[in-house]
Amino acid sequence: MIVGGGLAGAKAAETLREEGFAGRVVLIGAEPELPYERPPLSKGYLLGSAEREEARVHPGAFYAEHEIELLTGVAATALDTVEHRLALADGQELTYDRLLLATGAVPRRPPLPGIDLDGVHTLRTLPDSDALRQAFARRGTVVVIGAGWIGCEVAAAAHSHGAEVVLVGRGDTPLHAVLGPELGGWFGDVHRRHGVRVITGAAVEGIDGDGSVSAVRLAGGEAIACDTVVVGVGVAPDTRLGEAAGLAVDNGIAVDEQLRTSAPDVFAAGDVANAFHPHYGRRVRVEHWANALHQGPVAARSMLGGDVAYDRLPYFFSDQYDVGMEYIGLHSPTDTVEVRGSLDDEDFRVLWHDGDGRVTAGMHVNQWDTIEEIEGLIRAEVR
Ligand SMILES: Cc1cc2nc3c(=O)[nH]c(=O)nc-3n(C[C@H](O)[C@H](O)[C@H](O)COP(=O)(O)OP(=O)(O)OC[C@H]3O[C@@H](n4cnc5c(N)ncnc54)[C@H](O)[C@@H]3O)c2cc1C
């Protein structure tokens, strides 16, 4: 039984069959869609250059062909880990031998005045991306609240649609919390060069409007007149089902390196899982595509009793305008940043070092095929 029809859940179902499991496989997804990948929702699909079907994890026929019972548009509402029972919103009660929670994450909605006005969006699902595409096509002014990865990608997409874009972030630069001031400043300049107004160190006080949004109000008094607001201030792991079932929850559902939760026969993978990582010797929760892609299969093998451990280094990618980047590893804010190449170009590499000089993370901009090499440096703890 797999709860959560996203990337982690769908890859787990695929792997169960690949490994020769011949029993019943049920994949339960609250969304009405076939399982899909989310990166295109802020990139190609939002830009209008990729079709809906391209985001699918598998073609529609895949599930029947592999005897995977796919239940879409129905949420699991209660989990009984003692009786091995799962209740669904449509009244069905199912029993399981092994269960995987791959419930992902939900966008944070800050309790701002005006957050429920028409024209205020978050971005997590295909319908969210459809709604944004329509709003951007009307052009006007788009204010993006939150200058993390989603905020930056959405700002780039809105700009490409011809909208006036204002990117408002709390940090000293966009992406400040994840990349630090130097690289965050570099990304800020990329947006400014494209004509996006970037406001840093800002606190949003509220969203004004009468029925629909008309302005975003900042502390200090400025009101930015706008037609559309996108709130991209991060996500929270969707632990509701696991938490209500009494599973250990600590910034996500706590699992060991075999992705086992605190309850027998219950596993977790993807954005929702805070998994013990052998390389770091502590739990790490990763909200990125590659983690869902690879943890789903490891969870499936673990469910089948395999001797597996998830030890991939955190990895992610982003595309904004003609800037493509990849990052691997995990650096701390106190690590030293070393840029190889020049920040004057849209083509360079970066390494982070800890206090002992060990490489902890690396990234590149538009220098493809370098990520394996950086991974090697991190794994070998090269100084
Ligand atoms: C717009 C966008 C762009 C992104 N771009 C990138 C990128 O460029 N690079 C990158 O590395 N990562 C990116 N990500 C992150 C990446 O998409 C996620 O890490 C990935 O989707 C996690 O997959 P998952 O299967 O764990 O969870 P999800 O994709 O969130 O899927 C979980 C599913 O479970 C369902 N569910 C939840 N609770 C229940 C329940 N009780 N019953 C039934 N179903 C339930 C949810 O409805 C959802 O469909 C992006 C994310 C978004 C939103």
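Modeller: A residue is near a molecule if one of its heavy atoms lies within 4 Å of it. This is a predicted model, where local features need pLDDT of at least 70, side-chain atom pairs count only at pLDDT 80 or more, and totals for chains, interfaces and linings use all residues. Residues are numbered from 1 along each chain as its sequence is written, and side-chain values use heavy atoms, with hydrogens and water left out.

Colleague: How many residues surround the ligand?

Modeller: The closest are Glu31, Arg38, Lys43, Arg124 and Asp271. By class, the shell has 18 nonpolar, 9 polar (Gly among them) and 8 charged (Asp, Glu, Lys and Arg) residues. The number surrounding the ligand is 35.

Colleague: Which residue has a polar backbone atom 2.9 Å from an oxygen atom of the ligand?

Modeller: Polar contacts here are pairs of N or O atoms within 3.5 Å. A polar backbone atom of His288 is 3.2 Å from a ligand oxygen, and one of Trp289 is 3.1 Å from a ligand oxygen. At 2.9 Å, the residue is Ala8.

Colleague: How much of the ligand's area does the protein bury?

Modeller: Areas come from the Shrake-Rupley method with a 1.4 Å probe. Taken alone, the ligand exposes 1000 Å². The protein buries 93% of that.

Colleague: How many residues of α5 are buried?

Modeller: Helix α5 (149–160) supplies at least two residues of the shell. Buried means under 20% relative accessible area (1.4 Å probe, protein chains only). Among the buried residues are Trp149, Cys152 and Glu153. Of the 12 residues in α5, the buried count is 9.

Terms used. A polar contact is a pair of N or O atoms within 3.5 Å; within protein, one must be able to donate a hydrogen and the other to accept it, and residues adjacent in sequence count only if both atoms are side-chain atoms. Helices (H or I, at least four residues) and strands (E, at least two) are DSSP runs, numbered from the N terminus. Buried means under 20% relative accessible area, exposed over 50%, partly exposed in between (1.4 Å probe, protein chains only).
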